[in-house]
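Keep the structure open while you read.

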Amino acid sequence: MIGAEGQRTGPGTIGVVAIAAAVLVFLAAPVAIIVIVSFSGADYLTFPPPRLSLRWYERFFGTPEWRQSIVVSVQVASLTMVFATVLGLAASLALVRGRFRGKGAIYAMLLSPMIVPTIITAIGLYFFFVKLKATGSILAMAVGHTVLALPVVVIIITATLQGFDLRLELAALSLGASRLVALRRVTLPLIAPGVVSAALFAFLTSFDELLIPLFLAGVEVQTLTVRVWNSLLLEVDPTIAAVSSFLIAVTCAVLGASALLRRRTDV
Amino acid sequence: MAAPEGVRAGAEVRLQGLTKLFGPVVAVSDVSMTVPAGSFFTLLGPSGSGKTTTLMMVAGFVHPSRGAIAIDGIDVAALPPQKRDLGMVFQSYAVFPHLTVSENIAFPLEVRKVSAAEIRRRVGEALELVRLTGYERRLPRQLSGGEQQRVALARALVFRPRVLLMDEPLGALDKKLRAHMQLELKRIQRHLHVTVIYVTHDQEEALTMSDRVAVMRGGQTEQVGTPAELYESPVSPFVADFVGESNFLDGVVISTSPDGRAVVRAEGGLELRGTSREPLHVGQRVVAAVRPEKIVPQDARASELNRGKGVVDQIVYAGDATRYSVALGATGTLTVKVQNRLASRQLATGDLVELAWDPGDTRLFARASDER
């Protein structure tokens, strides 16, 4: 059955569209429900909410423990972003430009945290930091998250570098620039969109990750994800929904920024 | 850069035994040549002949396996590219896409910590030199290929290097623009007295622009000379074929004379006289090379000329000239190029034609076992 514009409009097409729609609804529904519930006026988690209010957001932003967790999460994610981007950029430069033995093995090692279950990495890091008596510190959690964020950063930056015309850097050298000046004035400005996008993904990797801080957090120093987990174990009230909505909003904002950046540089 | 004010004349570049191995592959093998100060020197050769690798070794981007590179007598082999003070123009232009035209040209001055006022003055002069005044604030993507090439040229000259290296810089331009840029390049080079080392595979470009040309083949220099020397007295069939074009006839030497002349019987029995740079002996197998424009159809009966009878096989009209393929039976086919003047009679396919050419225009090359 061929339509006017040569498009197939048969029962098969309708079936595919229906399945795709069902998958999309299934993916988005939990997010939508959480956001709706977060505006509930009821005392317990219930859907649909009987009435709307902002009381759970007041509770969330008004409780010192929750506020402190936001600060901790942002600190850990920011440090992770800096560590992973700097290390990932250096590693990517070496992997794309360098000619040395064992390059494939090093690339595989850098990407391995993506394959190893996070809980294994978390347990390993826990024993490591216990020995150093460093559990419960923001730095330890950031180092742990750097391990998880490195693969993403390395994948994004190596892809960007492969599209970079190396002759531009050679031209800079021939014009008298040192390698560092060539990197700073020519290479970095041109690969900046890739580097910034990698940094944003590193931030997100840390911001919504639970397992590593679950092992490494202390009583005082807890990320948002850990505090959500702990409060789920003790009492289930709609504050959780407000916190979750906050996490979702931050994620959407960062992804949106990354998409905007990519669109601007494509023009 | 307006006048030769403060301009240092170009430097002499001397290559000695330059060799580059990439693993088992010999890219450049024992190349020695002297590029005279202030000259336009071209490395000419087909792809894979080692010309670009040689240039990259001079630039410092490729480390020689053996040999020395001296600029005005100073060995630079150990210096990194940024310390050699050589201008370089790449085939791809390599203009920085995130910087404006004047920022691109200011780049080499900024990294040399030249004062802002001096940078402004010299960027202005450089723009004037390449005739891009008024383009200061444009970005490279707003420029045509030819304009980007001029930016690259201005950027490579603004810090007054004594040697300018160019790697097939006009390869991406169309024919008209290329001819224009060739003239511009010559003008700028004469004006600045800078030594230019130019890489190209285009023999026409090499002949028109260069003071001296090194023909490269298989990583070695085949012949170094002025364009006229290469064209009129090639040292090998390869040069005779690669620079300009040549007819080749196989034959055997039947007599020699002490002045380097010899009589050759070509396949098919045609006897022709020619000259050789090296002594030949009777019975030696040789290749005779003669250029298409040196052959004249139906010339006066001067007895000292080589002559042969043939049938016009193919005609290619090229505007200023016509090229005929003339079959000489078992001897082979000769390409003949005739200028189109009113007086010259046009031949038609199937015409019987007598060809004549001077023995002095006939180069004889001893045949190596595997060469043509």
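The model is predicted.

Strands of a sheet pair through backbone hydrogen bonds, either parallel or antiparallel.

In chain B, six strands make an open sheet. Their order is S6-S7-S8-S3-S9-S10. The pairing in this sheet is mixed. Which strands stand at the edges? They are strand S6 (87-89) and S10 of chain B. Each has a single partner strand, so one side of each is left without a neighbour in the sheet. On average, neighbouring strands of this sheet are turned by 15° against each other, direction ignored.

Now look at the pairs inside it. Strand S7 (residues 163-167) of chain B and strand S8 (residues 195-200) of chain B run parallel, with five bridges. Here B:Val163 has B:Thr195 in S8(B) as its bridge partner. Strand S3 (residues 40-44) of chain B is joined to strand S9 (residues 212-217) of chain B by four bridges, and these two also run parallel. B:Leu44 is bridged to B:Val215 in S9(B).

S9(B) also pairs with strand S10 (residues 220-225) of chain B. This pairing is antiparallel and has five bridges. B:Ala214 has B:Val224 in S10(B) as its bridge partner. S9(B) and S10(B) form a hairpin with two residues between the strands. In that hairpin, B:Gly218 takes a positive phi near 55°.

**Strand S11 and its partners**

Strand S11 (residues 247-256) of chain B pairs with strand S14 (residues 285-290) of chain B through six antiparallel bridges. B:Gly251 stands opposite B:Val286 in S14(B). S11(B) also pairs with strand S12 (residues 261-266) of chain B. That pairing is antiparallel, over five bridges. B:Ser255 faces B:Val263 in S12(B). How many residues lie between S11(B) and S12(B) in their hairpin? There are four. B:Gly260 in the turn has a positive phi of about 95°.

**An antiparallel sheet**

Chain B has an open sheet of five strands in the order S15-S19-S16-S17-S18. Its pairing is antiparallel. Strand S15 (296-297) and strand S18 (333-339) of chain B stand at the edges. Each has a single partner strand, so one side of each is left without a neighbour in the sheet. Strand S17 (residues 321-327) of chain B is joined to S18(B) by seven bridges. B:Ala327 has B:Thr333 in S18(B) as its bridge partner.

| Strand pair | Direction | Bridges |
|---|---|---|
| S17(B) and S18(B) | antiparallel | seven bridges |
| S11(B) and S14(B) | antiparallel | six bridges |
| S9(B) and S10(B) | antiparallel | five bridges |
| S7(B) and S8(B) | parallel | five bridges |
| S3(B) and S9(B) | parallel | four bridges |

**A pair of helices**

Two packed helices are described by the angle between their axes and the distance between the axes. Take helix H4 (residues 145-157) of chain B and helix H5 (residues 175-192) of chain B. They pack at an angle of about 15°, with their axes 12 Å apart. That angle makes H4(B) roughly parallel to H5(B). The crossing is right-handed.

**The largest pocket**

The largest pocket has a volume of about 760 Å³. It is lined by 19 residues. Closest to its centre are A:Arg99, A:Leu166, A:Leu170, A:Arg179 and B:Phe61. Which elements give two or more residues to the lining? From chain A come helix H3 (64-97), helix H7 (166-174) and helix H8 (179-207). From chain B comes strand S1 (13-22). By class, the lining has 12 nonpolar, two polar and five charged residues.

Definitions and conventions. Residues numbered from 1 in each chain as written. Chains lettered and ligands numbered in written order. Predicted model: local features only at pLDDT ≥ 70, side-chain atom pairs only at ≥ 80, totals over all residues. Heavy atoms only, no water. Pairing = 2+ DSSP bridges. 1 Å grid on protein atoms, 1.4 Å probe; cavity = no way out; pocket = protein on both sides within 12 Å on 5 of 7 lines; lining within 4 Å. Points joined across faces, edges and corners; volume = space filled by probe spheres on them. Nonpolar A, V, L, I, M, F, W, Y, C, P; charged D, E, K, R; others polar. Axes fitted to C-alpha atoms, helices over the stretch in contact; angles between N-to-C directions. Parallel < 35°, antiparallel > 145°, perpendicular 65-115°, else oblique. Left-handed = near helix turned anticlockwise from the far one by under 90°.
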